Amino acid sequence: PLKCVRARAGSFCPWPGSMAAAPSLATLQNLVRRDPDGYTEEVGRRLRHFQSLLALVEQQPGSSPADFLPLLSFVSHIAACFPSLMADLPEGLGRLLEERHDVLEPAVRRALLQALVLLRNRGMVPPLALLQRCFRLFRCRDKTLRARLYAYVVTDIKTANRKARDQPLNRALQNHVIHILQEPSSVGAKYALRAMIELYRRQVWRDAKTVNVIASALFCPHPKLRIAALHFLLGAHDAPRDGEDSEEEELQEARGAVSKLREQLGGKDGSHESRPGRCVNKKKRKLQRAMRSTKSRGKAEAAASFAALHLLHDPFTLAEKLFAELRRSSERFEVRLLMINLLSRLVGAHRLQLPNFFPYLQRYLQPHQRDITMLLAYLVQEETSPLL
């Protein structure tokens, strides 16, 4: 029988007596949070048992013991109470998930990711290390896990940049995506590019670095990524999605809230000398916060009005390489139309000189040509770009 683990003097012992049964993991987790020092011995015993199970799973990843997942949830929840004792836990879990993700059971994969995210929220895992690991895990064949990784990556990067731009984190992750786009795994590269486009759409990574990284996917070895990059540079990321409010509607709602607060306070700037009191001061502070929010949203809207084409570092080199790809391309006609459309926009927006581009288009200017009206529209936008 398990002897009672004595707590500190004056604390309550939940299973008194030498013949009492050991507490459940949920009960022990609750007690440890209230009194970590009183249960160090019991937690150490459970941790040693978990480490032995973890070593067993590393050797036989195809099957896991029955008590592995409950112990994994337990140690990940109480790890922050014992930072020195659990210092090696995040690296061991991350290494197991990254090296054995193809042979681990689906439930174990999802539990390991959930534990790593929990440890990240408790400050035991650096954000850059976990996000880079998540980008590498996009190559996993588990579709459900990839969806969870994608949602976490987008949410965590957005949270990290909410108060102020974390430039070191952003630059390191963007450079990491460049290497992923050149890897042979098309699935991992597709999800990495998709996350980057979503962050651009959400005004998180709305900068020239992001645009040029996505533009580099035009020449990657994966056809689906090239098509996604074409759609991005043609402005598909700015199209409103079903079920989501547009930025214009949100901005109008914020401005309406500011106007309503001004009317309640009886002044254009919310100042009214004849109405002192705590309620008025509270409404003034609320008005000031709403005005700051409206100004920041207005600035973000103005920045979003610039097309991605204007943020390219070297549009002429990009146009030359894309035209060379177009001339030797064996893609279907719809993809070649996208390439022609992007080339005409580049020429019109940046006033480029591509001497062989117009003679190349002449071969398509036939009465029986498919989508001849679209080709004529591309010729017009080459001369007068609507982006300027």
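## Cysteines

Cys 140 is buried, its relative accessible area being 1%. Cys 134 also counts as buried, at 0% relative accessibility. The model described here is predicted.

A disulfide is a covalent bond between the sulfur atoms of two cysteines. In this model the count of disulfides comes to 0, where a pair of cysteine sulfur atoms would have to lie within 2.5 Å to be counted.

## Overall make-up

The protein has 388 residues, of which 43% count as buried. Its secondary structure consists of 17 helices and 0 strands.

Contacts can also be sorted by how far apart the partners are in sequence. Taking contacts between residues at least 6 apart, 67% join residues that are at least 24 apart.

## Helices α1 and α3

Helix α1 covers residues 25–34 and helix α3 covers residues 68–78. The two pack at an angle of about 5°, and their axes are 10 Å apart. Angles under 35 degrees count as roughly parallel, and α1 and α3 are therefore roughly parallel to each other.

On the α1 side, the residues that meet α3 are Leu 25, Leu 28, Gln 29, Val 32 and Arg 33. Their counterparts in α3 are Pro 70, Leu 71, Phe 74, His 77 and Ile 78. By type, the residues of this contact between α1 and α3 divide into 7 nonpolar, 2 polar and 1 charged.

## Asn 161 in a loop

Asn 161 sits in the loop between α7 (143–160) and α8 (167–181). With a relative accessibility of 7%, Asn 161 counts as buried, because buried means under 20% relative accessible area.

Apart from its neighbours within four places in sequence, Asn 161 is in contact with Asp 166, Asn 170, Val 204 and Trp 205. One of these partners, Asn 170, is joined to Asn 161 by a polar contact of 2.8 Å between the two side chains. Val 204 is 43 residues from Asn 161 along the chain, and the C-alpha atoms of the two are separated by 6.9 Å.

## Ser 344 in helix α15

Helix α15 runs over residues 333–350, and Ser 344 lies in it. Ser 344 is buried, with 1% relative accessible area.

The side chain of Ser 344 reaches a backbone atom: the oxygen of Asn 341, at 2.7 Å. Thus Ser 344 in α15 and Asn 161 in the loop between α7 and α8 are both placed in the buried class, at 1% for Ser 344 and 7% for Asn 161.

Key:
Residues are numbered from 1 along each chain as its sequence is written. This is a predicted model: local features need pLDDT of at least 70, side-chain atom pairs count only at pLDDT 80 or more; totals for chains, interfaces and linings use all residues. Side-chain values use heavy atoms; hydrogens and water are left out. Axes are lines fitted to C-alpha atoms, for helices over the stretch in contact, and angles run from 0 to 180 degrees between N-to-C directions. Helices (H or I, at least four residues) and strands (E, at least two) are DSSP runs, numbered from the N terminus. Angles under 35 degrees count as roughly parallel, over 145 as roughly antiparallel, 65 to 115 as roughly perpendicular and the rest as oblique. Contact means heavy atoms within 4.5 Å. Ala, Val, Leu, Ile, Met, Phe, Trp, Tyr, Cys and Pro count as nonpolar, Asp, Glu, Lys and Arg as charged, and the others, Gly among them, as polar. Buried means under 20% relative accessible area, exposed over 50%, partly exposed in between (1.4 Å probe, protein chains only). A polar contact is a pair of N or O atoms within 3.5 Å; within protein, one must be able to donate a hydrogen and the other to accept it, and residues adjacent in sequence count only if both atoms are side-chain atoms.
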